[in-house]
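Me: I would like to go through a protein model with its ligand. Could you show it and then take my questions?
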Amino acid sequence: MIAPDLHAEALATFDRLFDEAAVAGEPDRTAMIVATAALDARPSARTLLLKAHDARGFVFYTHLDGRKGRELQANPHAALLFHWPRVRNGVQVRIEGVVDTVSDVEADSYFASRPRGSQLGAWASKQSETLDSRATFEQRLAKAESDFDGREVPRPPRWSGLRVKPERIEFWFGAEFRIHERWLYERNRAGGWTKRMLYP
Ligand SMILES: Cc1cc2nc3c(=O)[nH]c(=O)nc-3n(C[C@H](O)[C@H](O)[C@H](O)COP(=O)(O)O)c2cc1C
């Protein structure tokens, strides 16, 4: 068995591999692909950064009115994908679950921790809308700078965190000769996890 040391609990296994990714020197272990689907069932995917994770789920921050924000409000299901090639012989983690918005307190606290430039950028960007020229964006940035001159930048009302509450987490471990090992954890009715192996 390639991964004989997995925990019974999926999030404990995630934590262990996330720690290993730091030790292994992954350039950014928090970078993940986030897939959403519109109501017409067409999927879309983009890279986001994982900003928090705990027993409640996996959190990223974004504009709620951008494409992913709109899709998740219409259809609150997401899939997250991590690939850590430097961990063991390569690890992939696939997470699927239902999405909820984080509390205002949580979002405010994270927003306040961001560099001022990123805070102003959040005000200036109408994420995923058509931008006629770079100059327009620069003007909006300059306006945000003058609007908040000399004071703290508050969180824009339509910018927040989204939390994916995991229902399925699959860990894929690379191995020589493609004898890979896959472990699928599924949330059971009691709120715990069952785990089984899948053919690679
Ligand atoms: C490494 C990397 C990290 C990113 N992190 C974020 C992020 O945390 N939040 C975010 O809104 N966009 C982030 N982006 C930009 C998104 O990939 C995407 O372009 C943007 O969120 C708009 O997506 P949408 O039109 O599907 O809403 C990141 C891009 C890259 C390449």
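Reply: A residue counts as near a molecule if one of its heavy atoms lies within 4 Å of it. This is a predicted model, in which local features need pLDDT of at least 70 and side-chain atom pairs count only at pLDDT 80 or more, while totals for chains, interfaces and linings use all residues. Residues are numbered from 1 along each chain as its sequence is written, and side-chain values use heavy atoms, with hydrogens and water left out.

Me: Which residues are around the ligand?
Reply: They are Arg46, Thr47, Leu48, Leu49, Tyr61, Thr62, Gly66, Arg67, Lys68, Gln127 and Ser128.

Me: Which strand gives the most to that shell?
Reply: Strand 2 does, with 4 residues; strands are DSSP runs of E with at least two residues, and helices are runs of H or I with at least four, numbered from the N terminus.

Me: What lies 2.7 Å from an oxygen atom of the ligand?
Reply: A backbone N or O atom of Thr47 does. A side-chain N or O atom of Thr62 is also 2.7 Å from a ligand oxygen. Such polar contacts are pairs of N or O atoms within 3.5 Å.

Me: New topic: which residues touch the most other members in the largest nonpolar core?
Reply: Among its 33 residues, they are Phe14, Phe60, Trp84, Val93 and Ile169. A nonpolar core is a set of buried (under 20% relative accessible area, 1.4 Å probe, protein chains only) Ala, Val, Leu, Ile, Met, Phe, Trp, Tyr and Cys residues joined through side-chain atoms within 4.5 Å.

Me: Which helix gives the most to this core?
Reply: Helix 1 does, with 6 residues.

Definitions and conventions: Polar contact = N/O pair within 3.5 Å; in protein donor to acceptor, adjacent residues only side chain to side chain. Buried < 20%, exposed > 50% of the residue type's maximum accessible area, 1.4 Å probe, protein only.
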